[in-house]
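Here are my notes on this model, as numbered points. Please read them with the structure open.

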Amino acid sequence: MSDQPDTPPEPETDSIAEYAAAITERLGAEGYTVEFDTARVFVAKDKWVATINEARKELPLFSWLSAIDWSRETEVGEGVAEPDELEERFEVMCRLSSVTDARAINFFATLSKDDPTIGSLTATIGGAEWHEREAHEMFGIMFEGNENLIPLYLPDDFIGNPLLKSFPLIAREVKPWPGDVDVEGLPSSDDDDGGDV
Amino acid sequence: MNAWLELGITLVVILVVVLVSALVTIYVELKAGSHMQARIGPYYAGGRWGWAQPLADGAKFLQKEDLAPAKADGPVYRLAPYVVMMSAIGMFAVIPAGPDLVGVDLDLGVYFVLAISALATLGVLMAGWSSANKYSLIGGLRAAAQLIAYEIPLILAVVAVVIQAETMSLNGIVEAQMATLFTLGGMDIALPFILTGQIVGFGIFLVAAVAELSRIPFDMPIAESELTMGYLTEYSGIRFTMFFLGEYASIVGFSAVAATLFLGGYGAPFLPESLANIAGPFVLLAKVAVLVFVIIWIRFTWPRLREDQLQSLAWRWLIPIALVNVGVVATFKVVF
Amino acid sequence: MTSRQLMHRSEAAVSIELETPGMTLNIGPQHPSTHGVLRLVAKISGERIDEIEPVIGYMHRGYEKLSEVRTYAQITALVNRIDWVSGFANEVPFILGVEKLMGVEVPERAQWIRLILTELARISSHLVFMSSFPLELGASTPLMHMLRDREHILELIEDVTGGRFHPNFNRVGGVKPVYGGGSKTKKQSMDLPAGFFKRTLKAMDLMEQSCRDIDTLVTGNEVVRARTIGIGVIPSDKALEYGLTGPNLRASGVAYDLRKVENYLPYDQIDFDVVSRTGGDSFDRYLVRVGEVRESIKIIRQAVDLIPAGPLQTKVPRVLKVPAGQVYSRAENPKGEFGYYIVSEGGKMPYRLKIRSTSFSNLSILPWILKGQLIPDLVAIMGSFDFVLGDVDR
Amino acid sequence: MSRGIKFAIPGLLKGMGLTLRTMLKKAPVTMYPDVKEIPVPRARGVISLDAEACTACMLCARECPDWCIYIEGHKVEKAPSKPGGRVRTENILDRFDIDYGLCMYCGICVDVCPFDALFWSPEYEYSEMKIADLLHDQERLGEWLTTVPEPPALES
């Protein structure tokens with residue numbers, strides 16, 4: 001069925017770490033980390049659009065774009081390990097990947113919480129529109145240049161940014177946790193058995 | 001007074017035939033279609049093989065509320081299903097089931113059948129326009145475009161038959177097919193038109209009839225995956241039932257016309273004249289059943305075409321072929 | 001008002017109507033061809049679409065938020081509900097990511113079981129596509145035939161995992177245990193039930209038959225070809241720009257398959273081809289999927305031969321605490337690249353879980369591809385994308 | 001048309017042949033309420049409770065992602081196993097409810113139970129007219145216990 005001969009991919013570099021180092025150098029990014037085969041390259045906020053567009057020349061597949069809310073306090077779930085040392089910020093992440101081998105880079109840009117604004121990729125990457133709309137409604141990040149930042153999932157009159165750590169999860173608040181009910185302690189007298197806890 | 005009684009009996013018989021044939025067709029479609037799709041279809045209604053399923057469906061539809069959209073064009077909306085139903089009934093009125101078994105033996109029977117069958121599309125267009133629904137509107141317009149395109153090859157295919165039979169009476173056409181063509185070993189051989197040069201015409205007629213009926217592969221006016229249900233979208237209850245019955249009665253009607261024009265109608269080889277009035281209906285029924293089954297069979301095998309492909313099929317293929325067919329038949333008629 | 005003026009007015013009204021200003025057609029969220037609750041607001045003139053705006057989110061369940069209040073074991077149960085026609089294939093990348101973070105080695109046999117079940121899920125997902133795509137075009141019979149054949153696959157999956165749609169079979173370091181493992185029962189993993197290989201091979205023969213059936217019913221059908229060839233052509237650069245993956249990308253001439261590229265599950269020990277075509281139209285997207293079913297049959301047959309005996313579970317602590325770190329783990333879902341970006345802060349629950357769902361990216365090209373198409377083609381194109389709304393909305 | 005009439009007509013007719021062949025074959029249908037399919041032993045139909053084994057340790061209720069298990073219990077003193085031994089306490093189960101209106105059949109509770117008190121049963125016929133009736137209490141859950149099959153033999 002295959003129309004194209006299936007040539008085994010020939011990676012340009014030996015490992016993802018070397019590739020991440022090379023691309024950081026080439027793009028003039030701020031730095032990189034590689035853990036668990038996941039390469040993260042950090043980009044300055046004002047060079048975001050230019051860097052991504054440059055990187056897409058070698059990593060053509062726009063995989064996704066999203067964000068992380070780094071917050072000291074969390075309304076639901078577990079927070080960060082060491083809240084006191086955390087710098088409150090947003091991280092916008094965008095993944096580009098090669099379509100011939102396993103090379104792929106997650107690009108990260110840090111935004112301050114006071115001014116969560118970053119350039120939009122939609123001018124060159126049409127597929128970024130939905131992802132940016134999602135990040136906008138979920139985190140409140142503004143993408144300059146994306147004219148169509150209307151809610152993607154949520155109703156038009158929804159207030160709040162659900163994926164912020166400060167946003168409570170109503171489903172977990174309207175009902176008490178059944179696991180909270182511990183087995184009652186020893187009653188003072190054996191005959192008086194209080195059934196309700 | 002006698003004439004009125006006769007008319008009354010004729011009407012009742014035609015109505016019963018229309019209803020029964022529509023219900024049977026619905027049942028066959030449910031059952032045969034299910035088995036083609038590796039299902040078993042109706043099973044419980046009526047006790048055995050689900051034979052009463054069409055009746056049960058009908059009873060259910062009758063109980064349903066007859067809804068009309070607030071912005072619908074009331075009178076047109078309410079009238080449309082009856083136009084469709086009337087057209088189906090009208091077709092049955094002139095189809096001969098035996099030399100004397102015909103509702104009205106018109107001299108221009110063929111003309112009448114084609115005219116009255118086209119009325120169904122008028123009902124569809126009325127329904128599409130008056131429903132105040134965009135899907136219905138698109139469906140109605142598609143139906144109208146389809147009618148204009150496919151009425152022409154339909155008529156051209158019939159013209160060839162009329163030329164060969166030298167009459168426009170349906171009874172006359174059947175008799176023309178029962179006329180002795182040649183004698184072989186002391187036996188008179190009569191052949192239906194499909195075997196005497198009308199095979200191309202039969203194909204064109206069948207394709208055009210399926211298109212007129214809005215059946216797959218030409219069911220764009222309904223197209224449930226595009227237009228939800230086309231002109232039927234807003235209908236419910238008794239009016240939907242009318243459309244439904246009308247559609248299936250039309251299938252039988254068109255099959256009967258095709259059987260009459262091309263397959264020899266009620267006539268069968270080696271059938272003595274004296275039995276023609278008794279056996280005729282059954283012969284016709286058998287031929288109609290085959291055609292109805294083929295139409296159902298196609299519906300459960302093929303997908304649907306696109307509106308512009310349907311148009312190009314009609315204008316670029318069917319109409320030229322039909323014109324050539326008329327020319328060839330006419331030439332043969334003149335030369336021989 | 002004179003009669004002359006009146007006439008003038010009515011003439012004006014007629015001329016306005018004749019201009020036929022564009023009509024807005026609201027397709028969905030309740031529409032037979034939107035596979036659930038997708039809504040498309042289309043500006044049409046006649047049957048041609050001038051502009052189209054997809055509206056999604058009717059099935060948004062907030063899985064990324066829900067994951068932040070669930071332990072890793074609970075998220076496994078959640079993720080196979082994202083794309084419910086291939087539940088098992090969604091679990092794999094998540095569990096692989098968690099295992100990467102924890103540094104857990106998975107026993108070989110467990111990996112092979114995962115591989116076999118992933119491929120079964122792929123076949124069952126593609127069979128759903130092969131049933132729904134002709135239905136969009138108006139053919140209802142392939143629907144029933146393919147769903148009938150999918151039953152064999154679902155039975156196999158149920159045999160092993162106990163669930164037909166939501167297997168929830170993967171555990172960190174192995175597969176699902178039989179019981180909790182108390183004093184009476186030993187903690188024991190669910191191995192493949194007896195006779196599984198025999199039944200699988202038999203089912204694979206049936207699947208080959210259904211591939212032939214679909215070729216007869218759909219591939220060779222001239223009406224299907226007329227409706228789909230050359231319809232909705234996506235050039236490869238547009239496909240990459242919109243993040244299309246899986247069969248949709250491979251139909252556009254990019255032979256990108258994570259099973260070959262990414263080093264996960266023992267796919268490297270198996271001989272199979274990446275199916276790709278160059279046309280990029282609806283028919284090619286269909287053909288790629290039919291070809292992939294044939295490849296999956298090949299893979300499963302080899303896997304049944306190659307699967308080693310051995311343990312199924314690496315020892316992991318009862319309460320899973322995942323070390324801090326960030327990992328992106330991806331796998332080839334039947335619909336394309338399915339990935340999870342897991343941000344762990346060392347607790348029992350992830351700090352942030354980004355779910356890269358396939359259909360979301362695949363559908364984001366809709367406004368571009370549907371512009372200027374006819375309404376019947378809209379149905380053909382959307383059908384060829386093979387999306388699941390749960391996968392779009394998450 | 002794309003391939004010409006030479007290919008088109010046989011292609012169309014082959015499809016019709018397939019539907020006709022299917023029609024003449026027996027349909028693979030199980031007439032459900034009359035004939036019942038037997039689910040596989042591992043099928044996750046309903047969760048049954050062995051109340052004897054349950055110690056009200058709350059593990060399942062805490063691990064349940066949907067919070068659909070409700071447990072109540074109390075502690076009693078247990079006589080020392082040998083005279084002069086230490087007096088121990090024991091948990092007695094008062095209430096064990098699973099709300100199948102909420103349950104998503106993930107099976108985590110069965111996985112985590114350290115006392116062999118919860119088992120999957122493949123039974124599936126327990127639909128109700130009211131959602132509230134889907135709350136199965138301890139007794140109802142115990143009835144399911146008789147339907148729990150042996151684990152199937154394994155592929156060697």
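1. A definition first: two strands count as paired if DSSP finds at least two bridges between them. The model is predicted, so local features are taken only where pLDDT is at least 70.

2. Start with the open sheet in chain C. It has 3 strands in the order 1-2-3, with antiparallel pairing. Strand 1 (23-27) and strand 3 (48-55) of chain C are the edge strands, and each pairs on one side only. From one strand to the next, the twist averages 20°. Strands of a sheet pair through backbone hydrogen bonds, either parallel or antiparallel.

3. Now the pairing of strand 2 (residues 39-45) with strand 3 in chain C. The two run antiparallel and are joined by 7 bridges. Opposite Ser45(C) stands Arg48(C), in strand 3 of chain C.

4. Further along chain C, look at strand 6 (residues 325-333) and strand 7 (residues 336-344). They pair over 9 bridges, in the antiparallel sense. The link between strand 6 and strand 7 of chain C is a hairpin of 2 residues. Which residue of strand 7 is the bridge partner of Gln326(C)? The partner is Val343(C).

5. How many of the 9 residues of strand 6 of chain C are buried? The count is 8, so the strand is mostly covered; a residue is buried if 20 or more other C-beta atoms lie within 10 Å of its own. In a regular strand the side chains alternate between the two faces of the sheet.

6. Last, the core. The largest nonpolar core has 303 residues. Those with the most contacts inside this core include Val41(A), Ile105(A), Phe205(B) and Cys109(D). Helix 5 (residues 108-137) of chain C gives the largest share of the core, 16 residues.

7. Leaving aside residues up to four places away in sequence, Val41(A) touches Ala20(A), Ile23(A), Thr24(A), Ala29(A), Tyr32(A), Ile105(A), Phe107(A) and Phe108(A). One of these, Ile105(A), is also listed among the core residues with the most contacts.

Conventions:
Residues are numbered from 1 along each chain as its sequence is written. Chains are lettered from A and ligands numbered from 1 in the order in which they are written. This is a predicted model: local features need pLDDT of at least 70, side-chain atom pairs count only at pLDDT 80 or more; totals for chains, interfaces and linings use all residues. A nonpolar core is a set of buried Ala, Val, Leu, Ile, Met, Phe, Trp, Tyr and Cys residues joined through C-beta atoms within 7 Å. A residue is buried if 20 or more other C-beta atoms lie within 10 Å of its own, exposed if 12 or fewer, and partly exposed in between; C-beta atoms are placed from the backbone. Helices (H or I, at least four residues) and strands (E, at least two) are DSSP runs, numbered from the N terminus. Two residues are in contact if their C-beta atoms, placed from the backbone, lie within 7 Å. Axes are lines fitted to C-alpha atoms, for helices over the stretch in contact, and angles run from 0 to 180 degrees between N-to-C directions.
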